[in-house]
Amino acid sequence: MAVVRTGKRLSRLSALSQIALLNTMGGFLAALCFFLMLPTSATPAPEGEDESSRPLPSLILSQPSPDEGPIPEGMLPVSSISISGASGGYEGANGVYYQNLSGLEIDYNTLLENLPSLGAPAEGPQVLILHTHTTEAYSDGASYYDPDASTYDQDDKNNVVAVGDTLAAALERLGVCVIHDTTHCDTPSFNQAYNKSRTVAEEVLAENPSIRIIVDLHRDSMISAQGVKYRPLLTVDGVSAAQLMLVVGSPKNGLEHPNWKENLALAARLYQILEQTTPGLMRPIHISANRYNQHLLPGAMLVEVGTCANTQAQADASVELLAAGIAQLLQERSS
């Protein structure tokens with residue numbers, strides 16, 4: 001099957017801080033891990049809210065240090081890290097860890113007992129891949145970066161669209177038919193990107209009722225108050241891969257989303273699948289007060305693939321693994 005790749009404008013046939021650091025303090029505190037409160041450009045508020053003011057804490061397993069290589073004058077360092085909920089600081093159950101910033105109470109112990117169905121597969125595409133922040137781009141892998149350089153790129157060969165192509169191709173190889181919509185949703189207005197991507201998704205769903213999962217593919221941004229960029233990494237069979245994070249919306253900020261726990265339960269099961277097959281791939285699930293258009297389907301999910309300090313090759317390696325997890329989730333939850 002061929003991937004259906006669309007990128008039509010909406011006027012046509014549109015188809016869809018600061019780091020808070022808890023440092024190791026001397027030998028007797030060497031076991032303490034670092035907590036990061038990070039601004040994330042990839043987890044913004046939808047429907048026109050200020051998208052630059054959402055901090056995101058993360059847990060680091062070990063002290064980050066600048067990657068090897070001299071740092072030229074005027075440049076700032078990049079540091080590779082490994083982030084996990086298992087090291088402490090996060091709620092968790094059944095091997096799944098959560099970062100609940102929604103303010104809503106959740107029973108994690110029973111969450112996986114109430115997994116919804118994704119519906120029986122019908123003829124047609126099963127997965128829609130789109131990009132609310134289409135121009136989010138990756139780095140060249142250097143140990144430093146220019147603080148004045150943009151982390152966005154309009155060229156789809158150099159942004160998350162290219163990683164979406166990799167995910168789509170991997171799913172197709174596994175027998176999952178895909179629509180990859182490449183509409184630029186973050187232009188002309190970044191703060192209205194979720195409104196635009198919702199319209200894209202609604203139009204694609206109307207034309208393709210067979211779709212059971214929506215993947216809104218992003219890349220995160222982790223930059224300390226001192227300007228250090230963090231590159232979340234793991235090594236899989238000798239290959240560097242970007243860590244993944246699932247973001248789940250809620251109705252906390254007032255937008256209708258009555259069945260949000262279905263999205264959360266499915267995200268938790270996907271996390272479980274991916275961690276069982278590739279330990280260390282997943283950062284804790286981020287539960288937000290915002291909705292992120294996930295009211296459209298129980299299988300709607302937002303996936304952060306690395307950060308602006310990861311390379312595109314590292315992102316490609318991780319979405320190959322993501323594809324296998326999505327294919328298994330579709331098979332498990334078919335009924």
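**Fold, cores and pocket of the predicted model**

Pro188 lies in the loop between strand 10 (178–181) and helix 3 (193–207), where helices (H or I, at least four residues) and strands (E, at least two) are DSSP runs numbered from the N terminus. The peptide bond that joins Thr187 to Pro188 is cis, with omega near 5 degrees. The structure is a predicted model, in which local features need pLDDT of at least 70 and side-chain atom pairs count only at pLDDT 80 or more, while totals for chains, interfaces and linings use all residues. Residues are numbered from 1 along each chain as its sequence is written, and side-chain values use heavy atoms, with hydrogens and water left out.

The protein has five helices and 16 strands. Of its 335 residues, 55% count as buried (buried, under 20% relative accessible area; exposed, over 50%; partly exposed, in between; 1.4 Å probe, protein chains only). The accessible surface comes to about 13,400 Å², and 51% of this belongs to carbon and sulfur atoms; areas come from the Shrake-Rupley method with a 1.4 Å probe, and for residues only the protein chains shown count as cover.

A nonpolar core is defined as a set of buried Ala, Val, Leu, Ile, Met, Phe, Trp, Tyr and Cys residues joined through side-chain atoms within 4.5 Å. The largest such core has 55 residues, of which Val127, Val215 and Ile285 touch the most other members. Helix 4 (residues 260–277) supplies the largest share of this core, ten residues. Apart from it lies another core, of twelve residues, which include Leu128, Leu130, Ala201 and Ile211.

With residues up to four places away in sequence not counted, Val127 touches Leu171, Val176, Cys177, Val178, Ile179, Ile211, Ile213, Val215, Ile326 and Leu330 (contact, heavy atoms within 4.5 Å). Ile213, in strand 11 (residues 213–220), is buried at 0% relative accessibility. Neighbours within four places in sequence aside, Ile213 is in contact with residues including Leu118, Gln126, Val127, Leu128, Leu297 and Gly299. The C-alpha atoms of Ile213 and Leu128 are 6.3 Å apart, although 85 residues separate the two in sequence. Leu130 belongs to strand 8 (residues 127–130) and is buried, with a relative accessible area of 3%. From Leu130 to Asp216 the C-alpha distance is 5.1 Å, at a separation of 86 residues in sequence.

The largest pocket holds about 260 Å³ of space. On a 1 Å grid over the protein atoms alone, a pocket is an open set of points where a 1.4 Å probe fits, with protein on both sides within 12 Å along at least five of seven lines, and lining residues have an atom within 4 Å of a point. The lining comprises 18 residues, with Tyr138, Ser139, Tyr145, Ser150 and Lys229 nearest the centre. Strand 9 (144–145) and strand 12 (229–236) are the elements that give two or more residues to this lining. By class, the lining has nine nonpolar, four polar and five charged residues (Ala, Val, Leu, Ile, Met, Phe, Trp, Tyr, Cys and Pro count as nonpolar, Asp, Glu, Lys and Arg as charged, and the others, Gly among them, as polar).

Conventions. Points joined across faces, edges and corners; volume = space filled by probe spheres on them.
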